[in-house]
Amino acid sequence: AKRAKASVAAGATSVLASPVIRPASRSRTFDYLIVGAGFAGSVLAERLSSQLGKKVLLVDRRSHVGGNAYDEKDAAGVLMHRYGPHIFHTNSDEVAGYLSQFTRWRPYEHRVLACVKGGLHVPIPINRTTLNTLYGLDLRTDEEAAAYLASRAEPVERVKTSEDVVVSAVGRELYETFFRGYTRKQWGMDPSELDKSVTARVPTRTNLDDRYFTDKFQNMPADGYTRMFENMLDQPGITIELGVDFEDVREEVDYDRLIFTGPVDEYFDFRFGKLPYRSLSFRHETLDQEWFQPVGTVNYPEEGTPYTRISEYKHMTGQASRKTTITYEYPRADGDPYYPVPRPENQALYKKYEALALETQDVHFVGRLATYRYYNMDQVVGQALATFRRIAEREGRAVIA
Ligand code: FAD
Ligand code: UDP
């Protein structure tokens, strides 16, 4: 017998409504079955239902919508992110405009300090303040900082790895202080074994800008991510079932097309072997004090510290509370798949799965796990909107995003 399904009618006030048992005999027909209620699955459910009038069944094996962006109030009433800090930033007008239909925003620019040399807190990305503080310098202009970095940088003939990209920009010492240990912990391998795209996410600056991101749109959903997802999915054409795995419904439900946003290797029963994904353990703590640290995130690049960073949510959400909630991130090999691991052999393995995926009729693979791409939230939204446009075009329907 199938296990009980937690089911919510779209539009219900909470997606965590009590479970209902659905009679197994009831025939259930949908235009689309969507696996995964994160950004990829939820955006497609919303578009297919609201723009094309499709009847959609959206399932997730977790007990909530939102995927890794899920947030909730903890026992102390502090809004926190169960799967680590999620900061929204984008340069895409399309993505910002699309999501703005489902939430108001709170301006927030993320700032990060790195704890180095046994306790010194300096800005990361490395900027002029970082250099001046770390080395007792008095670099006054961008030009002076650029000349200083150039004097330390080591030329690398072809920049291929995550070591090359940093060493060629700032030299070995700064690389070792900020990147080597953090990356070894986060990925379980040396930066020289990872594609350059990983550490290239973190730029080097010669000015005093201490923001983590420079995107033109930097805002947090004013009432949280989960509320934004609930608004997005509040449509008569969408049925949501939580605590339900694809395997539980694939035979039971009639559907014309499938959208799969889980790990692509799992979909194909690991036919070519497992695609490596990196995982994390989160340690959430609520403290009986108003604040814990001066900024949203403090990074701990030293290898002697087992976690990579500590984040404090109230900085991001703007919530007022006499208590504060923080999260430590401990990297690990096993557990929920959080990060695809960008390196050439993994990309080659993914390409084999991608070829299979392209041959698989009536199934779309979308999102960070299904397309094995180290994507931020906005990139996943953009990818889902592009997938929707292709579907609509195939049906001969003109759409506006
Ligand atoms: P997911 O959110 O992973 O959703 C996939 C869903 O599918 C999951 O809920 C899963 O339970 C479900 N699923 C999988 N397989 C099955 C199955 N067989 N049956 C049923 N359900 C299934 N991005 C940013 O832009 N800014 C940030 O600050 C940021 N911080 C991050 C911090 C951490 C620690 C992590 C891990 C990621 C961060 N990201 C950030 C990236 C962001 O989480 C992703 O880009 C985004 O959430 C991916 O959405 P998705 O829908 O592709 O996948
Ligand atoms: N990184 C690092 N030191 C830092 C910050 C980042 O070495 O202080 C490297 C590390 O390899 C990390 C990558 O840069 O995995 C990307 O950092 P980002 O903050 O974008 O990681 P995410 O938020 O996606 O976990």
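Guide: Helices here are DSSP runs of H or I with at least four residues, strands are runs of E with at least two, and both are numbered from the N terminus. In this predicted model, Asp-362 sits in the loop between helix H11 (344–359) and strand S18 (363–365).

Visitor: Is Asp-362 buried or exposed, and how do you know?
Guide: Asp-362 has 9 other C-beta atoms within 10 Å. The cut-off for exposed is 12 or fewer, so Asp-362 counts as exposed.

Visitor: And why is Phe-270 called exposed?
Guide: Phe-270 has 12 other C-beta atoms within 10 Å, and 12 or fewer is the rule, so the label is exposed. Phe-270 lies in the loop between helix H9 (264–267) and S13, and although it is not a glycine, its phi is positive, about 55 degrees.

Visitor: Zooming out, what makes the protein chain as compact as a globular protein of that length?
Guide: The chain has 12 helices and 18 strands. Its radius of gyration is 22 Å, close to the 21 Å from the globule rule for 401 residues, so it is as compact as a globular protein of that length. The C-alpha trace spans about 75 × 50 × 40 Å along its principal axes, and 40% of the residues count as buried.

Visitor: What about S13 and S17?
Guide: They share two bridges, and the rule asks for at least two, so they pair, in the antiparallel sense. Tyr-277 has Pro-340 in S17 as its bridge partner.

Visitor: Why is one side of S6 and of S7 without a neighbour in their sheet?
Guide: The order is S6-S10-S7, with antiparallel pairing. Strand S6 (89–90) and strand S7 (105–107) stand at the edges with a single partner strand each, so one side of each is left without a neighbour in the sheet.

Visitor: How do you describe the packing of H1 and H12?
Guide: For two packed helices, you give the angle between the axes and the distance between them. The axes of helix H1 (residues 39–52) and helix H12 (residues 377–394) come within 9 Å and cross at roughly 35 degrees, in a right-handed crossing. Among the residues that meet are Phe-39, Val-43 and Leu-44 in H1, and Met-377, Val-380 and Phe-388 in H12.

Visitor: What makes the peptide bond from Ile-124 to Pro-125 cis?
Guide: Omega near 0 degrees. Pro-125 is in the loop between S9 and helix H3 (128–135).

Key. Residues numbered from 1 in each chain as written. Chains lettered and ligands numbered in written order. Predicted model: local features only at pLDDT ≥ 70, side-chain atom pairs only at ≥ 80, totals over all residues. Rg over C-alpha atoms; globule rule 2.2 N^0.38 Å. Buried ≥ 20, exposed ≤ 12 C-beta atoms within 10 Å, placed from the backbone. Axes fitted to C-alpha atoms, helices over the stretch in contact; angles between N-to-C directions. Left-handed = near helix turned anticlockwise from the far one by under 90°. Contact = placed C-beta atoms within 7 Å.
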